[in-house]
Amino acid sequence: MRPWPGHAYPLGATYDGSGTNFALFSEAAERVELCLFSSRGKETRVELTEVDGFVWHGYMPSVQPGQRYGYRVHGAYDPATGHRSNPKKLVVDPYAKALDGPVRWDEAVFGYPFGDPDGRNDTDSAPFVPKSVVVNPFFDWGTDRAPRIPYHETVIYEAHVRGLTITHPEIPQELRGTYTGLAHPVMIEHLKQLGVTAVELMPVHEFLNDHHLQEKGLTNYWGYNTVAFLAPHHAYATRGPANRPGNQVQEFKAMVRDLHDAGIEVILDVVYNHTAEGNHMGPTLSMRGIDNAAYYRLVEDDPRYYMDYTGTGNSLNVRNPHTLQLIMDSLRYWVTEMHVDGFRFDLASTLAREFYDVDRLSVFFDLVQQDPVISQVKLIAEPWDVGPGGYQVGNFPPLWTEWNGKYRDTVRDFWRGEPGTLGEFASRITGSSDLYQEDGRRPFASINFVTAHDGFTLHDLVSYNDKHNEANGEGNNDGESHNRSWNCGVEGPTDDASVLELRARQQRNFITTLMLSQGVPMLLHGDELGRTQRGNNNVYCQDSDISWVDWSLAGKNAQLIGFTSGVTALRRAHPVFRRRRFFQGKPVRPRRRSDAPLPDIAWFTPSGVEMTEQDWDSGFGKCVTAFLNGNGIDEYDTRGERVTDDSFLLCLNAHHEDIDVTLPGPEYGPRWAIVVDTAAGEVITLSTAPGVVAADPPTAEAGAVHTVPARSVLVLQRIDAS
């Protein structure tokens with residue numbers, strides 16, 4: 001079992017069709033042993049004697065895919081100086097491309113004896129730690145090509161691999177909750193019906209179930225607890241005797257290929273800000289035992305402790321070049337080898353912290369900017385963390401888009417009737433130019449969302465004033481308390497028909513606003529069919545029917561699914577709702593010389609006159625009409641032709657009473673057809689795009705007075721004389 005010298009690059013275990021090269025970075029190591037495990041658990045140790053640039057490496061000509069392995073790192077164990085190496089602790093390869101299972105919680109996986117955090121625990125952890133797996137890198141991608149859907153044509157669907165399909169009756173039992181289940185034809189058909197162009201998957205990097213959650217009978221359902229940044233989570237693979245170790249890699253690739261075949265991109269929610277090893281009281285599973293001071297941000301004047309900008313115990317040390325290399329190599333691997341189309345970076349502000357403050361020009365962002373692979377995929381930041389100055393909405397570099405938390409908050413406030421929100425609401429639905437225009441970004445820099453995994457579902461947003469997280473076992477003290485929600489008069493479930501009708505209308509208001517706003521809409525899985533978490537706004541630990549999508553609702557709420565699909569189809573058919581440039585509010589040359597020049601956007605009071613500064617500052621400000629000029633799109637398509645579209649009016653009434661709205665004069669359009677009515681729950685498509693079609697839509701004349709029902713949206717499409 002003597003290894004050949006091998007190579008220091010690439011890091012990790014790399015099978016070449018004959019044997020496997022192993023390479024591990026550790027500046028803290030004095031010796032490194034590669035540990036190979038048989039199917040029965042027998043361990044064979046092989047010392048790696050070749051070292052180049054602190055990378056320990058060797059080539060094993062007989063090692064094939066499916067081989068389980070780990071490392072034992074010999075070095076200093078002195079927590080007071082930041083060193084925590086201990087060869088009694090088997091460690092996971094940070095570059096492992098697959099793991100063979102979960103951690104088995106035992107005192108042995110901790111570097112110290114229970115009750116003595118300053119002591120040293122020399123119990124062998126190998127029986128309890130997941131083993132890294134050598135994987136087969138070869139896969140038949142066929143004719144797979146990245147869809148490369150432009151941002152302005154993108155509709156994102158945030159989903160959990162397990163929760164999305166675990167109850168779906170039309171997916172075979174053995175495939176539910178897996179990568180294969182997510183790409184099942186019935187799921188792809190549903191996504192296509194909704195108009196989804198990208199699924200944003202909650203963490204699929206190999207993650208662990210927290211010890212404290214397991215003790216309470218709960219689980220880390222969301223997965224923001226990564227232990228291996230290149231490995232797809234093993235529990236999302238199918239079960240069965242033919243499922244060899246590492247097969248999750250093949251299943252993940254097949255899922256991506258099938259989604260690509262349907263024209264759907266795959267975006268991963270990635271967690272590079274911390275790992276599952278937690279703070280100084282956490283387990284020794286991987287990087288802590290390999291080179292603690294290199295991989296983690298330690299407290300400078302007391303390096304036994306960890307800097308924590310995430311609220312999870314530790315933060316990766318992105319100031320270290322090897323840690324940066326791990327992140328960049330991981331991102332590049334998921335693009336080049338796994339064919340994913342982009343990333344959403346959890347708590348992305350943490351990655352910008354070089355010293356203390358958030359620095360938008362930190363090394364990480366410089367590396368991403370110049371990388372020829374990573375810079376070409378979708379990069380979405382969650383632009384905040386829990387550290388000082390961590391809320392950075394609008395401050396990421398031009399290459400990036402951002403989860404727009406201000407959009408979420410403002411849209412929620414507007415539709416629950418908060419006064420003084422109209423001006424900001426107008427800014428948010430037109431692309432948030434105040435956040436993104438100054439640095440040269442476009443409206444699609446704003447990833448618009450009303451709900452996401454963290455918080456209420458759409459159904460619960462209109463059904464609960466308060467969180468109800470008792471099932472989490474923390475006395476309802478976890479989760480956000482200020483949700484900007486409104487229960488429509490009754491807390492939780494009710495049989496009151498008027499309350500149920502209002503809740504349904506409010507859901508349609510949110511969906512219409514989301515889909516017809518400038519920017520990139522993101523829909524939370526199950527919102528289109530009224531999924532509820534029974535008021536729980538923090539289901540991170542609930543792998544149960546509290547968090548799963550309940551597909552029995554698809555029949556009960558078929559109208560909501562149809563409505564969502566119809567509004568998405570309207571967006572897809574009309575570029576005026578998905579502009580690539582911000583509105584200017586100035587006259588634009590008309591398509592026909594006989595037409596008067598009109599602004600690309602105009603705002604009107606309910607009385608039909610253009611809004612003034614005084615109107616925007618009005619405390620009431622709960623009803624407005626926006627004119628979107630389809631002839632005022634100063635953009636060109638891929639063939640160099642000027643983009644033109646129909647013109648629309650958006651009449652938005654967040655007041656609790658009906659409001660009579662005077663439509664603009666004939667210069668804006670002679671007649672208008674009502675194509676969306678959230679009070680009636682109707683979407684009418686006048687074009688050839690798929691959706692709900694009506695041959696004779698209701699119409700209104702220019703200058704006519706039309707009643708907009710309380711808490712509703714009317715969308716009117718201009719009808720020119722034939």
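Modeller: Eight bridges join strand 3 (residues 29-37) to the antiparallel strand 7 (residues 68-75). The model is predicted: local features need pLDDT of at least 70 and side-chain atom pairs count only at pLDDT 80 or more, while totals for chains, interfaces and linings use all residues. Residues are numbered from 1 along each chain as its sequence is written, and side-chain values use heavy atoms, with hydrogens and water left out.

Biologist: What makes strand 3 and strand 7 a pair?

Modeller: Two strands pair if DSSP finds at least two bridges between them; strands are DSSP runs of E, at least two residues long, and helices runs of H or I, at least four, numbered from the N terminus. Strand 3 and strand 7 have eight bridges, so they pair. In strand 7, R72 is the bridge partner of E33.

Biologist: Why is S485 called buried?

Modeller: Its relative accessible area is 9%. Buried means under 20%, exposed over 50% and partly exposed in between, with a 1.4 Å probe and protein chains only, so S485 is buried.

Biologist: Where is S485 placed?

Modeller: S485 lies in the loop between helix 12 (458-461) and helix 13 (497-516).

Biologist: How do you know that strand 24 is mostly covered?

Modeller: Six of the six residues in strand 24 (residues 623-628) are buried. C623, T625 and F627 point one way, and V624, A626 and L628 the other.

Biologist: Which residue of strand 25 is the bridge partner of A626?

Modeller: The partner is L650; strand 24 and strand 25 (residues 648-653) pair in the antiparallel sense over six bridges.
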